Amino acid sequence: MNRFTLTVLADAARLAWTLAAEVQALSQAPGDAPIAIALAGGATPRRLYETLATPPFVTGVRWERLEIFFSDERAVPPDDPESNFGMAERALLAHVAVRAHRMRAERGDADGYARLLAERVAARRDGVPVLDLVLLGIGPDGHTASLFPGTAALAEQTRWVVMNAVPRLGTRRMTFTFPLLNAARRVWVVAAGAAKRAIVGQCLRARELEAAEQRWPVLGVRPDAGQLTWWLDAAAAGEEA
Ligand code: 6PG
């Protein structure tokens, strides 16, 4: 099975609609097993969240079946404009009845979030929680979640969630690590807009390079057994389309 798929949609609106339809289909899969989804911060996913909060998805998605987590968070309270949870809440969570778990990054309790994942999400044989879906973005430097180039969290082998010092931003953020991301069943890397074209092109060309994740952390996201999909709009895909 091909575990890496690149899908390009015409524009950001169609991208958001397609992803919302995928989330809806996932929620309607046979059975009642809970579905664990980790959301990303940033501007690109916001459009997806807003789309999910409007018809037909706001009533079509089986929200009661979903359990929402976050793949990273800034060290601020939820009402801060920088908060990923706050953004997701305004765009989506406040409009639907879904269970969501905020990362309390301002308290720095990464181990507490890892314990929560262990309690709430079904695990592989080795104990690593298997999220059904992880949403990620790409930053202009190739970062994803809060795994920035040159930061300590890139080397993390055992912990699933850490506080990561990001000297370039003069801050610390809470983030999922590669061991957790790569245990997921599905990972979607989502990028839209012409501003993403250069970094998307660089990353796609560098995918097979050794240790590429040191320079472009998003390339460290290679699910062990799950499916990786890069979802782009035409503007972000550029000549790669
Ligand atoms: C964050 C994110 C981060 C984001 C990328 C892309 O907290 O900032 O989770 O990894 O996804 O920086 O963000 P944009 O979509 O805003 O460009």
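Mentor: Start with the aromatic rings. This model is predicted. Its count comes to 5 aromatic pairs.

Trainee: How do F4 and W230 pair, and at what angle between the planes?

Mentor: Planes over 60 degrees apart count as edge-to-face. F4 and W230 have 75° between their planes, so they are edge-to-face. Their centres are 6.4 Å apart.

Trainee: Which parts of the chain does the pair link?

Mentor: Distant ones. F4 belongs to strand β1, residues 4-9. W230 belongs to strand β10, residues 227-233.

Trainee: Now the ligand. Where does the ligand sit?

Mentor: In the largest pocket. Look at what surrounds the ligand there: 15 residues. The closest are A43, T44, D72, R74 and K196.

Trainee: Which elements each supply at least two residues of that shell?

Mentor: Helix α2 (43-52) and strand β4 (72-74) do.

Trainee: How do the shell residues divide into nonpolar, polar and charged?

Mentor: There are 3 nonpolar, 8 polar and 4 charged residues.

Trainee: How do I read a polar contact?

Mentor: Look for N or O atoms within 3.5 Å of each other. A43 uses a polar backbone atom, 2.6 Å from an oxygen atom of the ligand. R74 uses a polar side-chain atom, 2.7 Å from a ligand oxygen. K196 has a side-chain N or O atom 2.4 Å from an oxygen of the ligand.

Trainee: How much of the ligand's accessible area does the protein cover?

Mentor: On its own, the ligand has 420 Å² of accessible area. The protein covers 87% of that.

Trainee: What should I look for in the backbone?

Mentor: Look for exceptions. Most peptide bonds are trans, and most residues other than glycine have a negative phi. Here, the peptide bond from P55 to P56 is cis, with omega near 0°. P56 lies in the loop between α2 and α3 (57-60).

Trainee: Which residue other than glycine has a positive phi near 45°?

Mentor: A145. Find A145 in the loop between β6 (133-136) and β7 (161-166).

Terms used: Residues are numbered from 1 along each chain as its sequence is written. This is a predicted model: local features need pLDDT of at least 70, side-chain atom pairs count only at pLDDT 80 or more; totals for chains, interfaces and linings use all residues. Side-chain values use heavy atoms; hydrogens and water are left out. A residue is near a molecule or strand if one of its heavy atoms lies within 4 Å of it. A polar contact is a pair of N or O atoms within 3.5 Å; within protein, one must be able to donate a hydrogen and the other to accept it, and residues adjacent in sequence count only if both atoms are side-chain atoms. Accessible areas come from the Shrake-Rupley method with a 1.4 Å probe; for residues, only the protein chains shown count as cover. On a 1 Å grid over the protein atoms alone, a cavity is a set of points where a 1.4 Å probe fits but cannot get out, and a pocket is an open set with protein on both sides within 12 Å along at least five of seven lines; lining residues have an atom within 4 Å of a point. A molecule sits in a cavity or pocket if more than half of its atoms lie within 2 Å of its grid points. Helices (H or I, at least four residues) and strands (E, at least two) are DSSP runs, numbered from the N terminus. Ala, Val, Leu, Ile, Met, Phe, Trp, Tyr, Cys and Pro count as nonpolar, Asp, Glu, Lys and Arg as charged, and the others, Gly among them, as polar. Rings of Phe, Tyr and Trp (its six-membered ring) pair if their centres lie within 6.5 Å; planes under 30 degrees apart count as stacked, over 60 as edge-to-face and the rest as tilted.
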